[in-house]
Amino acid sequence: MQATRDFSHYVKDAGAGLSHIDLAVEGVSCAGCMSKIERGLSAIPDVTLARVNLTDRRVALEWKQGALDPARFIDRLAELGYKAYPFETASAEAAEAEQSRFLMRCLGVAAFATMNVMMLSVPVWSGNVSDMIPEQRDFFHWLSALIALPAAAYAGQPFFRSAFRALRTGNVNMDVPISIGVLLALGMSVFETVHHAEHTYFDAAIMLLTFLLVGRYLDQSMRQRTRAVAGNLAALKAETATKFVGADEISEVPVAAIVPGDIVLLRPGERCAVDGTVIEGRSEIDQSLITGETLYVAAQHGTAVYAGSLNMTGTLRVRVSAASEATLLAEITRLLDNALQARSRYVRLADRASRFYAPVVHATALLTILGWMLMGASWHDAIVTGVAVLIITCPCALGLAIPTVQTVASGAMFKAGVLLNSGDSIERLAEVDHVIFDKTGTLTLPELEVVNSSKVPEAALGLAGQLALASHHPAAAAVARAAGARSPLRGAIEEPGQGVRGTFEGVEVRLGRPSFCGAERLADETHDLDPEASIVAFRCGEERYVFAVRQQLRADARAVVSALQQRHIAVEILSGDREQAVLAAARALGIREWRAGVTPADKIARIEDLKREGYKVMMVGDGLNDAPSLAAAHVSMSPISAAHLSQATADLVFLGRPLAPVVAAIDFSRKALHLMRQNLWLAVGYNLLAVPIAISGVVTPLIAAAAMSGSSLLVMLNALRARRVAQGEARWK
Amino acid sequence: MEVMVILVPLALGLGLVGLLGFLWSLKSGQYDDLEGAAWRAIADDEPAPEIPPE
């Protein structure tokens, strides 16, 4: 059977006789990688563009149409040492990018207007105490209006739209006081200009928009970055399937191009990318991603297999019952909708602040107007003072208080190996006081490892490793890794469901089931010592050895558990695996609370119980069976090796083999929440100082501008502290 | 004070040129990869291709 890879699904027509493809690349992290990849790919003839985007970790490629097969780029990148996957931009991501550009344009316009209006305002301010004649002042005011009004109409769109949406549904958000403040300030300034008055607030209004747009843009770019990461994750997963295109002809195609009724080939060691039914072949499949159960399930004609199951021993032909679009993605969307609903139930700190803020500010302004009227001031003066109160209380610093901290903290977490899937997860993570771990793939490493390699002579281990490379079985892969084998043994033959055999220097060598190698007695002995492990036997002539293969705990799991306990966070294991296995892990980690053999529904029930008791629960899990409980928990986290669904549902994703990012994420988010609160108080404190001045009616545009920029700078500088957590908390690493 | 007739439009004109420049740079994708751009500045140039001796 000849296998070809078909990536035409991802190739786009770039016009002018060029084709374009985007690849998500794993492990691009520095300038060195960037130039290595760009040079390596540009060296291929007919390639017209190879450009790495270090922020998104992607490569854009263009070449002369029809001249090259895109699979060649992936091979070339593999030669250079990078794993690459074709990538399709999700529409949500494209929309985020467009929104981000729009905000940047608004920011550019607002900043231009601020600088020019300020250039006109400073002479007026200084002219008021020197010798500027009223005609010149009016001229400068008119010029300011000419710049500020169109600029505010354009750059204020994000705020006006959002405020309008909120008001139409009967809500109040932070954009309502912002919009009212800006519109009143501009309106009053125009009125004052027409009447040749001394003070106008064009500069304050447009500067307010500039500062707030900085906050908006930071917020947006953080969200866009997490979207890009999530998009890459989707591309890095096993997104291809081997499809039969003829009776004996197979082709590797993206899952998106598979339709129900197609027949796909599932070789040993491959993860199934679709849901379907076995029509031919016998094998054992590992469904631990779906159920959490680590014992293998026998698969034969008629057995249903699900996306995410790992085929272990034999080759299977599977008829696709539903392509991934119909089941997995639909399921993701449904769960994401649930998660979003849960998110909307959680009121973000910023919204809580604005719900309190807007009524107070507007009431104060109204009282000021009424107060001045009672004191006998004219209509005009009373309203001018009232508007001045609104301008000075316009939540400039409040608008920056939270996005700046979130951006800095998410950058720091990114460096610590944690990716954010949702923007407000930092706030929720900071409140966590109960952590639930899944066992398989979360506390343990996702792949199998040989635990007794030191008991096998080196020569035998090396030979076994070479033989193992001829097999696709995950246990064989573990043996090959343990031996550090590089070149497979020539002429080795795989016997489905049994093992591999070959000859080495005239002696027959076999690797596989104990019965295949005649090592049942040895296998039983090892199995008694370590009942959790699966046994791989190796026979070289008359010598027999056995390897115990199992999922190991992550190296720093114990340290992480005790670090969590030190922070007064309760730790618990909820696993779908057998009691024996869970008990062993719980003992090794010093976790007293554990439950084994739990179904997804049980997991949710347990989380709901804890929620009722008032705990803020974080769920850390990787399997498909964890996905609903990840959505149910207050906040959730998944390792990067997790199933699609869990990764999409989790609020945070952590990279690499250590478990340490879990604690780092908690530390960073606690610090960040602390700083957000501090920033809100700073902003409120500034208002407490400035409002009495505004009420007393002595505010000049100069005071308004200075106070606004001063408080914004203070809040931004304070946010930079979110980069670091206290040394004492980080030391245990 | 007649100088203002020149200075004010000049200042605004220069500001406008700056704004247009910014919008152009945004449109041509110069803000798409800020991290990579920081490194590209210090990356070594590709060594010049060796000219074969005649």
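This is a predicted model: local features need pLDDT of at least 70, side-chain atom pairs count only at pLDDT 80 or more; totals for chains, interfaces and linings use all residues.
Biologist: Are α10(A) and α11(A) roughly parallel or roughly antiparallel to each other?

Modeller: The axes of α10(A) (residues 349–374) and α11(A) (residues 379–393) cross at roughly 155° and come within 8 Å. Angles over 145 degrees count as roughly antiparallel. That is why the pair gets called roughly antiparallel.

Biologist: And what is the handedness as α10(A) passes α11(A)?

Modeller: Two packed helices get described by an axis angle and an axis distance. Here those are roughly 155° and within 8 Å. As for the handedness of the crossing of α10(A) with α11(A), it's right-handed.

Biologist: How do the residues of the contact of α10(A) with α11(A) divide by class?

Modeller: On the α10(A) side you'll find, among them, Val361(A), Ile369(A), Trp372(A) and Met373(A). α11(A) brings in residues including Asp381(A), Ile383(A), Gly386(A) and Leu390(A). Sorted by class, the contact comes out as nine nonpolar, five polar and one charged.

Biologist: Over to the strands. Which residue in β23(A) is the bridge partner of Ala537(A)?

Modeller: Strand β22(A) covers residues 534–540, and β22(A) pairs with β23(A) in the antiparallel sense over seven bridges. Within that pairing, Ala537(A) has as its bridge partner Val546(A).

Biologist: Which residue in the turn of that hairpin has a positive phi?

Modeller: β22(A) and β23(A) make a hairpin, with two residues between them. In the turn there's a phi of about 65°, and it belongs to Gly541(A).

Biologist: Which residue in β23(A) does Thr444(A) stand opposite?

Modeller: β18(A) (residues 444–450) runs antiparallel to β23(A) (residues 543–553), and four bridges join them. Thr444(A) stands opposite Leu553(A).

Biologist: How far apart are the C-alpha centres of domain 2 and domain 3 of chain A?

Modeller: Chain A is split into three pieces, with domain 1 at 1–87. Domain 2 takes 417–438 + 569–575 + 587–670, while domain 3 takes 446–553. Between the C-alpha centres of domain 2 and domain 3 of chain A, the distance is 35 Å.

Biologist: Last one: which element gives the most to the side of chain B that touches chain A?

Modeller: In that contact, 19 residues of chain B meet 18 residues of chain A. The chain B elements giving two or more residues are α1 (4–27) and α2 (34–40). By class, the chain B side has 12 nonpolar, three polar and four charged residues. The element that gives the most, with nine residues, is α1(B).

Notes
Residues are numbered from 1 along each chain as its sequence is written. Chains are lettered from A and ligands numbered from 1 in the order in which they are written. Two strands pair if DSSP finds at least two bridges between them. Domain bounds come from an automatic or database domain assignment. Two residues are in contact if their C-beta atoms, placed from the backbone, lie within 7 Å. Ala, Val, Leu, Ile, Met, Phe, Trp, Tyr, Cys and Pro count as nonpolar, Asp, Glu, Lys and Arg as charged, and the others, Gly among them, as polar. Axes are lines fitted to C-alpha atoms, for helices over the stretch in contact, and angles run from 0 to 180 degrees between N-to-C directions. Angles under 35 degrees count as roughly parallel, over 145 as roughly antiparallel, 65 to 115 as roughly perpendicular and the rest as oblique. A crossing is left-handed if the near helix is turned anticlockwise from the far one by less than a right angle, and right-handed if clockwise.
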